[in-house]
Amino acid sequence: MPEILQIVVYGIVLGCIISLGAIGVSLIFGILRFAHFAHGDLMTVGAYFALFGVAVIGLPMPIVFPLAMIACALVAAGIDRILYRPLRRASPIIMLISSVGTALMLRSLVQILWGPDNKIYQAGIELPISLLGLKIKPTQVTIVLGALALVVLLHLFLHRTKMGKAMRALSDNMDLARISGINTERVIFWTWVIAAMLAAAGGIFLGMDTRLNPIMGWRILLPVFAAAILGGIGSFYGAIVGGLVIGIVQELSTLFLSPAYKPAVAFAIMVVMLIVRPRGIFGGKE
Amino acid sequence: MSLLLVENITGGYGGTDILHGVSLQVEPGEIVSIIGPNGAGKSTAMKAVFGLIAIRKGMVKFKNQVITGLRPDLVVRRGICYVPQEHNVFPSLTVQENLEMGAFVRNDDISGEIGQVFELFPPLKDKRKVPAGNLSGGQRQMVAMGRALMLKPELLLLDEPSAGLSPLFIDLIFERVQEINNLGVGILMVEQNAKQALTFSHRGYILVMGCNRYEDTAENLLANQEVAEMFLGG
């Protein structure tokens, strides 16, 4: 039993990271109606921005963290301006393919600049704290609390600010938003900013939890999409729940399967979900 | 000076023209109805005013300024608001948030306008925190009209406000249309309930196959034997 609980703890940590990616995928799908395949690599970019701040400039992580989020947001907004915006009226397939291209470019760029090797933010061993018979590392506490804080902030943004409400309005009905006089391009810009900031946070947490390497984001992309689909794509709360479920189930699967099959478990959940209930737990957009 | 002047517009979606030289006019404070058979281009004519379809020929003027082909978010700022027939609320947003979105272009205090909408549609006040998608058809129509009133438009475009409503709600919505008009708002309306719509309109246009067929005061149209037989169901 304690062993299972210990694994659940790992699952929650991984789930938080997946959720941060899945929220972004869900927001972007809700508004632009395409599957953003470069989202995992956006997480990588965020993680490496933080590595740059910590390892090269030598700033402490709490300062680097928000700066890396902003830098990642600028990258995403730039990509949208140059690449996705001219394709706004193109079919979702073309958008999807171009995002796969973006993913390859981002990953290669990271690899050219930093090399293909594993990197870490901080050398040394972290001593876990014992809590109710469970071993919990301080990093894991940071990740869970950090993700929780970001989710609460995003909830407040979506429900209390004019831009947040406009984002939900666009996700509901783009045409009506335009008719109401909402400047849709401005809302789309802020959607990228928010999605990329969460992606960066997720990427940094992933780097803290394990290690950094140029394919870390590409590897987590499948669980991220599985989480977004499980929760109901386009649904913010669904993405959070979906992320936690995928994270926990992936970790629990290591009781029976080799850890190498973790992505296969996420994929299996996604396929079953698409067959049984394609709109997800929370009934997202079609 | 006319509030709205549509001169001889030709246009449609993509390659095919639906309108073949339609002309419309709304004077300040008027209720004008556009009626006609299905596929006559009634809704399309309205969308053309709002910059939602491509106009190839002709001109749209609002208060003597040319607005032909202007983007919808810019048309809104000039003082024209539009209520589409379908999908006219944000279903996951609350009633209050729907109204706030109607005033998106404004940055000042909008509590006065929200209060006015609740005065006009009292049932909405209790439902202000309910997602619009959970409301009945009639209440949704109220939210849609309320949303369009948030910018205090001088001209309101209503695309079949009574579509899909029960007779009770139809009467209520038409009553509200007149009340909005009494506030000085010009109204251009497309209606299937042609006869009922004409009873409270000032003037009417009958479109057939994307062209003007009749235009007259509402009284004359109602009295016209030929119009009554062909377009008002006898």
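How many residue pairs are in polar contact between chain B and chain A? The count is eight, with both residues of each pair at pLDDT 80 or more. That threshold applies since this is a predicted model.

Let me stay with the interface. On chain B, two elements give two or more residues each to the side that touches chain A: α2, residues 72-78, and α3, residues 95-102. By class, that side of chain B has 14 nonpolar, five polar and six charged residues. Chain B puts 25 residues into the contact, and chain A puts in 18 residues.

Now the area. The two chains bury about 1,800 Å² between them, and 62% of it is on carbon and sulfur atoms. Three residues, B:F90, B:M101 and B:F104, supply 37% of what chain B buries against chain A, more than any other three residues.

The rule finds two salt bridges across the interface. One of them joins the side chains of B:E97 and A:R168, at 2.8 Å from N to O.

Next, a helix in chain A: α5, residues 138-160. It has 23 residues, so at 1.5 Å a residue it should span 33 Å; the end C-alpha atoms are 32 Å apart, which agrees.

Which residues of α5(A) are buried? They are A:T139, A:Q140, A:I143, A:G146, A:A147, A:L150, A:V151, A:L154, A:F157 and A:L158. As for the spacing, an α-helix has 3.6 residues a turn, so residues three or four places apart point the same way.

The cover over those buried residues includes α1, α3, β2, α6, α8 and α10 of chain A. Of these, α6 runs over residues 162-172, and A:R168 is the salt-bridge partner of B:E97.

Technical notes: Residues numbered from 1 in each chain as written. Chains lettered and ligands numbered in written order. Predicted model: local features only at pLDDT ≥ 70, side-chain atom pairs only at ≥ 80, totals over all residues. Heavy atoms only, no water. Contact = heavy atoms within 4.5 Å. Buried area = accessible area lost by both parts, 1.4 Å probe. Salt bridge = Lys/Arg side-chain N within 4 Å of Asp/Glu carboxyl O. Polar contact = N/O pair within 3.5 Å; in protein donor to acceptor, adjacent residues only side chain to side chain. Helix = DSSP H or I, 4+ residues; strand = E, 2+ residues; numbered from the N terminus. Nonpolar A, V, L, I, M, F, W, Y, C, P; charged D, E, K, R; others polar. Expected span 1.5 Å × (residues − 1). Buried < 20%, exposed > 50% of the residue type's maximum accessible area, 1.4 Å probe, protein only.
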